[in-house]
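Colleague: I'd like to learn how to read a few features of a structure. Could you walk me through them?
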Amino acid sequence: MAKEEDFKNLESILTYAVDEDYDNNLDSYLKRLNFNEAVFFRTTYIPRVAKEAELESEILKDHCHTYFVGQPGTGKTTILRKVLHKIQEEHDALIFLFDFKKFPNINNESNRSFQKMSETVLSNLKSKINEKVMGLKIDPTEILLFLCRDAAYRGSNYFHNPRFSELLKQLYDHFRWSGDFKKGIDFFDWLKDQFENKNPDKLVQLFMEMSACIEPHNYLHYFNGNDVRPRMCIIAFDNVDSILEKEVRLSFLSFFRSGFNIFKESTRFILTIRSRNADATNWGDDGTYIANEVDLGYTEFVDEKNMKREMKAYAGSKTLSPEDELNFRLRHNNFAKEKFAKLIYERRVNYFKDVINRHGDSDVSELDEYYRIIIDNERMRVAFFDLCNYDRRNMLVLVSNFISYLIFEVKFEKDILDLNKNQIDSILESLFYGWIKKYNVFYSNEIFNLPKIVYYWLSKPDEQSGNHLDHTLFSTIYNASNQVYQDYSFDKGITCRRLIGLLTDVGFHEHEVIERIEHLFRSKSGSRHNGLLEISNTDERGLAFSDLDKCFISLTPRSYYMTVYSSLKFTSLFADIRHETQLRLTEKELDDLEKYDSRPLTTLKLKLTLEFLCDLAKMSVRELTMASKRISGMGHTDWFKYYRKHYCVKANYEQPYKDHLGDLLFLNLINSIIKFLKSQQGIEQAVYYKILYAKKEIIDEYEELKRLFLNDLKRLIEDPNLTLGNTEYKNKIQFDLFNR
């Protein structure tokens, strides 16, 4: 049996990142192993030789800036550190690294304006330079004399320090009135003598003022151009996306291109940023100079031969359309991303095994098996990637937490490994969503909780429209912004004004929508973003105080996955149903839930889910009745097509409407569940973990509910002015089947 200590130690290796500070934890496993950045690159790093060489080549070019762009999780930070370390060793370079993820108070109100933020950046740069001067034991007098002597530099546009020039002129005036001037002594020899002797007091004061007014670019000119030990200087800005406000971030990027002009004769610059935030169309060329871009993706992990073979088989004798070719490439790029994650896992776990074998005091093979059933499971892998917003390190952290939950809390029995893939997938998903709901892993329980909405509506049906705002809001953003899931392009968005207008069209109130957007965007304290929405240009006080025409909103991978995948899964839905129905169950039913909780399917779960779907169908009909009248009143002849275009998403399940438009939440959900139940047929009922046989009669009742709903929907489509009564679908379903 895996030991908890082994698990925690392996987790330390799996979740190591070069941009994290481990020095403060003196008892950490990594510290005891002396596992640092150098050991990481030597033992567990996945070499990206071509990209490393390309990035190094761009950085070493004179007089240019480099943008290192890529989606989250592609490895920008790691490769940057690797390349900077190599340049530092081979070129004796001075590296000044700024990690905006750790930058103090970067998103505080004091940094809201770009001017204040740029001042903060330059102030921090000066502090880093002063630390470097002290660390290299450079005499400040040497720097002053160097700048005083370099007349060509002081006469150029790069010097840009009028105060220093003014003080130097005052010194020269003192020199002209001194006896040394009349003796023909060189001004700079006199100046050096005055520096060393610190006499008289008035000159000492001038020297101190001159030292204080030396700007960062002047220091870097000295480092780069002095005769004793000239050094290449590189300033790197990592995780620029941590500047959350779009306008502030774009202003910084413009400053990066043009504001650092005075540095260019002595310094090279590089920044890392997500592709979506580095859109060059947002910047003008005025006052800038050449900037190079290195794009990081997963191309080196794409199986080109296999992809081309699939494309050829699909096209046959025809020519593959550009759209189809793009879809193939996007799909294989997704495979490459997952392959990269698995390589990282394998390299790190093999290192850990070597460490354990050297000590000979433990066996982690069982622990490795638990990790592999997650990493090798496509459903789990996609779920973790998307729900973690493509943050690979966060994914590994949460995979570790989930496995810890399985081993030490659920007491997950190893005999699951002997089951077939279908069984393993269903069991893992059931436990996965139970874990999410229990610990609010990716989002709190009240977010996107469909059963909670339905049961509340049932208690007060006359006071509310019965619409699921979270789902409608996410679907509307997706449709109105033309976002594309497959290529991870979540950089498109719509204005909040447009979004609110679309939602009020179907019955929501403006203040209700604004409050919900705020809640989904960040925690109540405002200190933590929930990773569900990305909003630009909001006022610090909230959306209600913002210019809604200038605020753009878009989804994240997490919110899209919730909308189209996780919310439609039987295992995920039941995790919410269970949480919301416990108070309404009998003591025996509660005991059954606890006893068979690890089983994805039981008779009680099937019954409770079908009861919920009956209630959801009832609420959906009420919602559509109201929407049909509102949309028809706006002048739209086909109200249902308009509704599907704006408020529904298309899922990968059977749909009655064969077009590109989305489908109703209820239909997506029941189609998903029916598909899942049919997949369980043929799995024999067995002990503990094995899945209950889904009887055909039960599936037929789910099909019957779908048929009843479609009949009512057809009547409403044909006559938008029709007012359907509160259809009690439960009365038309044979629930006595579940008691046999």
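Colleague: Does Cys388 count as buried or exposed?

Modeller: First, a word on the source: this is a predicted model, where local features need pLDDT of at least 70, side-chain atom pairs count only at pLDDT 80 or more, and totals for chains, interfaces and linings use all residues. Residues are numbered from 1 along each chain as its sequence is written, and side-chain values use heavy atoms, leaving out hydrogens and water. Buried means under 20% relative accessible area, exposed over 50%, and partly exposed in between, with a 1.4 Å probe and protein chains only. Cys388, at 2% relative accessibility, is therefore buried.

Colleague: How many disulfides does a search of the whole structure find?

Modeller: A disulfide is a pair of cysteine sulfur atoms within 2.5 Å. The search finds zero. Take Cys213: its closest cysteine sulfur, in Cys148, is 9.7 Å away, too far for a bond. Cys213 is also buried, at 11% relative accessibility.

Colleague: What does Ala236 touch?

Modeller: Contact means heavy atoms within 4.5 Å. Not counting residues up to four places away in sequence, Ala236 touches Leu84, Phe96, Leu97, Phe98 and Ile270. Ala236 is buried, at 0% relative accessibility. The C-alpha atoms of Ala236 and Thr272 are 8.2 Å apart, although 36 residues separate the two along the chain.

Colleague: At what angle do helix 22 and helix 25 pack?

Modeller: Helices here are DSSP runs (H or I, at least four residues), numbered from the N terminus. Axes are lines fitted to C-alpha atoms over the stretch in contact, and angles run from 0 to 180 degrees between N-to-C directions. Helix 22 (residues 469–481) and helix 25 (residues 557–564) pack at about 115 degrees, with axes 10 Å apart.

Conventions: Helix = DSSP H or I, 4+ residues; strand = E, 2+ residues; numbered from the N terminus.
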